[in-house]
Amino acid sequence: MTRNGRARRTPDCTAAGSRPRLRTRHERRRPDGEHAFVIGVLTSEADFERARAWHLSDAPDHETYLRETAELLTEARRRFDTVRARMFHPQDFEEFCLLHGLDPAEPAARDRYLVNPPLQTQLLAYQGEELAGDFAPRLVRARDNGLTLRHADLLLDGGLTGEGGREARAAYQRGAEVFRRMLVGAGAGVYELRLAVDAPGGRLTAAARVLQWEDGVVRINDEDLELVCAVLCAGLARELPGLAVLHGARGAAEARGGGADGDFRPAAWAWASAGRDWAPVEGPVRLDGVTAEPGYPLGTVG
């Protein structure tokens, strides 16, 4: 299974000032000489309005803010070895400041929030994507994914973020293998996996968009793959019940966007777990609005 390049998790400089611009006084150099840049992004108009009191930006509206932030990211890519971003969530920020006794209007408070270690899973590498197009929604998903990862990690007693024990490592490998077998059995096509595991403290959920070529090469965002494997791991390690649906269109992925009629065939499979393993459901099920039929036995997939 191949993945996109993985973002490093430890930031080295921050940018979360008022009007978007490079703030070189935050620049720091890694021991290996690499410069890095991290910024928080207000991804919605509602968040932008809520954050006005903190003077994060002097842009008149969210559209202008996004345009200026995109220019900042472009400039940062020219000046820094690594550029990363995360969603700047006003409620998360307020709670962080309250917990640590910080003034949310102070730049130092924003910088501490951005580099807060428990939130490092929310960071994504910026590689020139259109900010208002694909990248901003990915930042929102990364926040949601990060909260789920923290929940799963708590269930595993730190087995995801720490060194973990043999049990957690084995469960993670088993979860990754379950996902691999689902994709191998599906074959080439464009799919989405929806996963739900009933856990103490609330349901663990994950979703991942997958593009698979005929030669078995898979394209999936790193953060989505990490989340799927973590939720599967927590379910298997703690023997929690779960449901997974893989749906989309089977066919040659190379034909996407211009193939002849019949290149793709709709498909939707479902598997359930009582805690110890995953097997086809006994009848049609529905998850997040998607109806699926029993999947293929994963034990028969090589």
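Buried means under 20% relative accessible area, exposed over 50%, and partly exposed in between, with a 1.4 Å probe and protein chains only. This is a predicted model, in which local features need pLDDT of at least 70, side-chain atom pairs count only at pLDDT 80 or more, and totals for chains, interfaces and linings use all residues. Residues are numbered from 1 along each chain as its sequence is written, and side-chain values use heavy atoms, with hydrogens and water left out.

Start with the whole chain. Its secondary structure comes to 7 helices and 12 strands. These are DSSP runs, numbered from the N terminus: helices are H or I with at least four residues, strands are E with at least two. Of the 302 residues, 51% count as buried. The chain exposes about 14700 Å², and carbon and sulfur atoms supply 48% of that area. Accessible areas come from the Shrake-Rupley method with a 1.4 Å probe; for residues, only the protein chains shown count as cover. Now take contacts, meaning heavy atoms within 4.5 Å. Among contacts in the chain with a separation of 6 or more, 68% join residues 24 or more positions apart.

Next, look at helix 2, residues 62-79. Its 18 residues should span 26 Å at 1.5 Å a residue, and its end C-alpha atoms are 25 Å apart, which agrees. The expected span is 1.5 Å times one less than the number of residues. Which residues of helix 2 are buried? They are H62, T64, Y65, L66, E68, T69, L72, L73 and A76. An α-helix has 3.6 residues a turn, so residues three or four places apart point the same way. The buried residues of helix 2 pack against strand 2 (36-41), helix 1, strand 3 (82-87) and helix 5. At the start of helix 2, a side-chain oxygen of D61 reaches to within 3.3 Å of the backbone nitrogen of E63.

Two loops deserve a stop. H55 is found between helix 1 (45-50) and helix 2. Its phi is near 55 degrees, a positive value in a residue other than glycine. H55 is exposed, with a relative accessible area of 55%. D157 lies in the loop between helix 5 (131-155) and helix 6 (166-186). D157 is not a glycine, yet it has a positive phi of about 55 degrees. At 68% relative accessibility, D157 counts as exposed.

Now turn to strand 5, residues 189-197. Is this strand enclosed or open? Here 8 of the 9 residues are buried, so strand 5 is largely enclosed by the rest of the structure. Two strands pair if DSSP finds at least two bridges between them. Strand 5 pairs with strand 6 (residues 204-212) in the antiparallel sense, over 9 bridges. V197 stands opposite L204 in strand 6. These two strands form a hairpin with 6 residues between them, and G201 in the turn has a positive phi of about 90 degrees. Strand 5 also pairs with strand 8 (residues 242-250), again antiparallel and over 9 bridges. There, A196 stands opposite L243.

End at strand 9, residues 265-273, which holds P266. P266 is exposed, with a relative accessible area of 78%. What does P266 contact, leaving aside its neighbours within four places in sequence? The partners are G248 and A249. The C-alpha atoms of P266 and R250 are separated by 6.3 Å, with the two residues 16 apart along the chain.

Notes
A polar contact is a pair of N or O atoms within 3.5 Å; within protein, one must be able to donate a hydrogen and the other to accept it, and residues adjacent in sequence count only if both atoms are side-chain atoms.
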